[in-house]
Amino acid sequence: MSEEVNETKYVGAMPDDEPRIGVYVCHCGSNIAGVIPCDKVVDFAGELPGVVHAAETMYACADSGQRLIKEDIKKYGLNRVVVSACSVRMHEPTFRACVAEAGLNPFLMEMANIREQCTWAHGHDPEGALEKAKDLTAAAVAKASFLTPLDMISVPVTKKALVIGGGVAGINAALDLAEQKIPVVLVEKQPTIGGVMAQLNKTFPTMDCSI
Amino acid sequence: MVDAARQPLIEVKAYTEVEKVEGFVGNFKVTLREKAKYVRADRCNGCAACAKACPVEVPNYFEMNLAPRKAAYIPMSQSVPLVYNIDMDACIHCYKCVDACGALEAIDFSMEDKIIEEDIGAIVVATGFGHFDPTPMTEYGYGRFPNVITAMEMERLNNSAGATHGMVIRPSDNQRPQKLAIINCVGSRDKRYNPYCSNFCCMYAIKNALLLKQMNPNMDISVYYIDIRTPSKGYEEFYDRAREAGIKFIQGRPAEITEDPNSHQLFIKSEDITLGRVVEHEYDMVMLNQAAVPQPDQDHMSSVLNVAQSPGGWFMEYHPKLRPIDSPTDGIFFAGACQGPKDIPASVAQGSAAASRASRILHSDSWQIEPTVAVVWPDRCVSGKGQACGICEKTCPYGAIDYTKGISAEVITAKCHGCGGCVGECPHDAITQLHYTDAEVLAQIRTLLAVEPEKKILAFRCQWCSYGGADLAGTSHFEYSANERGLRVMCSARMDADLIYEAYRLGAGAILYSGCHPQDCHYITGQVAGAKRAARLEKMFARLGISPGRFRTEWISAAEGDKYARVINEMQATLDAIPEIELKAEIERLKPEMVKKLTKLNEVPGVEEAMIQVDFIVNEMKSKAVSL
């Protein structure tokens, strides 16, 4: 184990700065705003301890939405950002990159999923959905209060590939890597490479020889 | 094949097995076992003198055991590398091969297996597939009726380099068959064996039918099929060609093959869907188009490589659509049929794709990994105080924890995948996980249960599966109770018992403990740790007398949006069925028990202060709720 990869040490349970949180509630067109009044979520979030600014945005992920967040980070001195919008599976990388562009550590952004896991699932119960959107936003604010900056961990790379299996897929992978000047060890458990392909007569749909 | 051997940057290690894979992306340490060939690769010129001299004959695997090879052998004449091999299990030590080899002195009976260690940056797994053995399907008589053969046996029969030099003959009497049937989906699309479609067999049946027709235009060939699947470029046209060539396609899965024991003629009884009745036809020979199945040693490779398997046993990709080439382990990629049945074009394409995914890493000087790793508080770890423990080390699926009694456990950051299993299991609250610290998760629980907690269903979900299932429920607009409050951690292994105690202490109505199905776990055995804990909790809550259904464990995949919605709705119904007064009394009764069990709140560094801050948020939420 090289020293380089073992450098992450926990900095402490509590962040050492006072949270200044910005909350952005996305309409997502009518996907969210069609079920709940987003301004109510903004009013609610704006008064939570630690939150210094809360705003609505039509599309948080759009250029305009991201610009708003970036400008506000500077304008209000935000050091944490909460985006109440869609699933983290959809846009966590987007908003991490967005806050990073404004100079914040990307891990100081937290999302509340008020679309897939709220308005889209509770269209029959707009009041329940509104209460849930508030709670999810508050939970993201609460978590955000304790977020600490994290750095990606950097590890060195050995420039050599191992390909396990000398059939048609493995041979092709090995050739492609070698053509990029990457040394390859191609391991095959049988005495010859070729795999099932070498056992075949002609192959479909062109009926050419397999070897 | 020859290109690979010729390429100076490729070191072909045939007759070699992977024994051990350790390390992590960019820094794998791989142990290989190069099995002894008893022929020196640097001297053998492939002249075959040893094989000619060898008096021992054994079946050749390469010819599907239809033809013999010598104990001194190569599997086929185009073998790469062209180095002979002495099969020690068959060798009678007559040393005739040594004499035949003569001055070359390539044969060396003192050779032993060689253990080789390699430093590797990225791994492409292309271990391929195996063939379904139709013997257990007694209705088709394979193994009993000599003229029922498998597709791979047919392959070696009609191959000019094969056992009969390309002459297709009946094993019972060496006669050329005039009437032949091919049966598709043997062992696939069959719930008794393998439920999946084997992908290439339809095309494969058509290919063999056309090939046989080319060899003998008078041959009468029928293909029995359930559906003909030809979804790739040029495939449907290929099927058309077969129909134009006069090959018969009979839609129906044969029920039975019987044999006349004297003539060895075969009779297939099958439904013919087009005719709408059961038919019986006589054939000289039948080819069973057997399913592709995982390699016999796939389970073993899965544990060597530390990669999970999907249902059916294939290696499981990171994401079926967005990352189909990546394994869940960073730096390990899949190519070809080891990940699921694939034809040649798809396998070739995936080989290139895997090379490209791997080269992103191999062209970089360093590689970045997510910092959501576990960290040990050395002063809390009891091992540092001389006590034996090591639970964290046992829980970790990646061997990322260094535990030596007497020294505080340490997380090897680069090996840690950030499941949080050790955090959940540590009995001394000595480990935390960055970005999912106890303070952060407890803060979420407290806010989600701030107002009317007894009405809430708190749902703990893993990032990869159940969170995805909840997303899919929304995307599909499967509606469920808006009293659900979801909470995300990376793996069910992180769902610490203390988190559940705290939720009940705060008065949660119901709790869902959900993660992936065991075979889908992104952290190899994370779900197993989560499931064990959930079972313990279930027992404990039953003993404490909480109403059944208020604590529920469910494994929900990212594909099971309907299940997520159903489970939440069922939990809502459970809550609705308990009279409010009883529910509140039960919650109050449980609280002191939970306080007794909870340690995280007062013990974990920073949590107490954090909760004071969170309570400001909670109080604000409560005051708003009152004013509503």
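**Close-up views of chains A and B**

**View 1. Val125(B) touches Ile164(A) and Gly165(A) of the partner chain, along with Leu305(B), Phe315(B), Ile332(B), Phe333(B), Phe334(B) and Cys338(B), leaving out residues up to four places away in sequence.** Touching, or being in contact, means that the C-beta atoms, placed from the backbone, lie within 7 Å. This is a predicted model, in which local features need pLDDT of at least 70 and side-chain atom pairs count only at pLDDT 80 or more, while totals for chains, interfaces and linings use all residues. Residues are numbered from 1 along each chain as its sequence is written, and chains are lettered from A and ligands numbered from 1 in the order in which they are written.

**View 2. The largest nonpolar core has 254 residues.** A core here is a set of buried Ala, Val, Leu, Ile, Met, Phe, Trp, Tyr and Cys residues joined through C-beta atoms within 7 Å. Buried means 20 or more other C-beta atoms within 10 Å of a residue's own, against 12 or fewer for exposed and anything in between for partly exposed, again with C-beta atoms placed from the backbone. Which residues touch the most other members? They are Val141(A), Ala161(A), Val163(A), Ala174(A), Val124(B), Val125(B) and Val286(B). Helix H6 (126-144) of chain A gives the most to this core, with 10 residues. Helices (H or I, at least four residues) and strands (E, at least two) are DSSP runs, numbered from the N terminus. Apart from this core lies another, of 18 residues, including Ala374(B), Ile401(B), Ala409(B) and Cys422(B).

**View 3. Strand E6 (161-164) of chain A is covered on both faces.** Ala161(A) and Val163(A) are on one side, Leu162(A) and Ile164(A) on the other, and all four are buried. E6(A) pairs with strand E9 (122-125) of chain B in the parallel sense over four bridges, where pairing takes at least two DSSP bridges between two strands. Val163(A) sits opposite Val124(B) there. E6(A) also pairs with E7(A), again parallel and over four bridges, with Ala161(A) opposite Val184(A). E7(A) in turn is joined to strand E1 (10-13) of chain B by four bridges, running parallel, and Val185(A) has Glu11(B) as its bridge partner.

**View 4. The contact between the chains takes 91 residues from chain A and 117 from chain B.** On the side of chain A that touches chain B, helix H7 (168-179) is one of the elements giving two or more residues, and H7(A) gives the most, with 11. How many residues of each class are on that side? There are 50 nonpolar, 25 polar and 16 charged residues. Ala, Val, Leu, Ile, Met, Phe, Trp, Tyr, Cys and Pro count as nonpolar, Asp, Glu, Lys and Arg as charged, and the others, Gly among them, as polar.

**View 5. Three strands of chain B form an open sheet in the order E2-E3-E8, with antiparallel pairing.** E2 (16-24) and E8 (114-120) are the edge strands, each pairing on one side only. Neighbouring strands are turned by 20° against each other on average, direction ignored; axes are lines fitted to C-alpha atoms, for helices over the stretch in contact, and angles run from 0 to 180 degrees between N-to-C directions. Eight bridges join E2(B) to E3 (27-34), and Thr16(B) stands opposite Glu34(B).

**View 6. Helix H11 (438-448) of chain B has 11 of its 11 residues buried, so it is largely enclosed by the rest of the structure.** Charged residues are on that buried list too, including Asp438(B), Glu440(B) and Arg446(B).

**View 7. Gly509(B) is found in the loop between helix H13 (497-505) and strand E28 (510-515) of chain B.** Is Gly509(B) buried or exposed? Gly509(B) is buried, with 24 other C-beta atoms within 10 Å. Gly509(B) touches Pro453(B), Glu454(B), Lys455(B), Lys456(B), Ile457(B), Leu575(B) and Leu583(B), not counting residues up to four places away in sequence. Leu449(B) is 60 residues from Gly509(B) in sequence, but 9.4 Å from it in space, C-alpha to C-alpha.

Terms used. Two residues are in contact if their C-beta atoms, placed from the backbone, lie within 7 Å.
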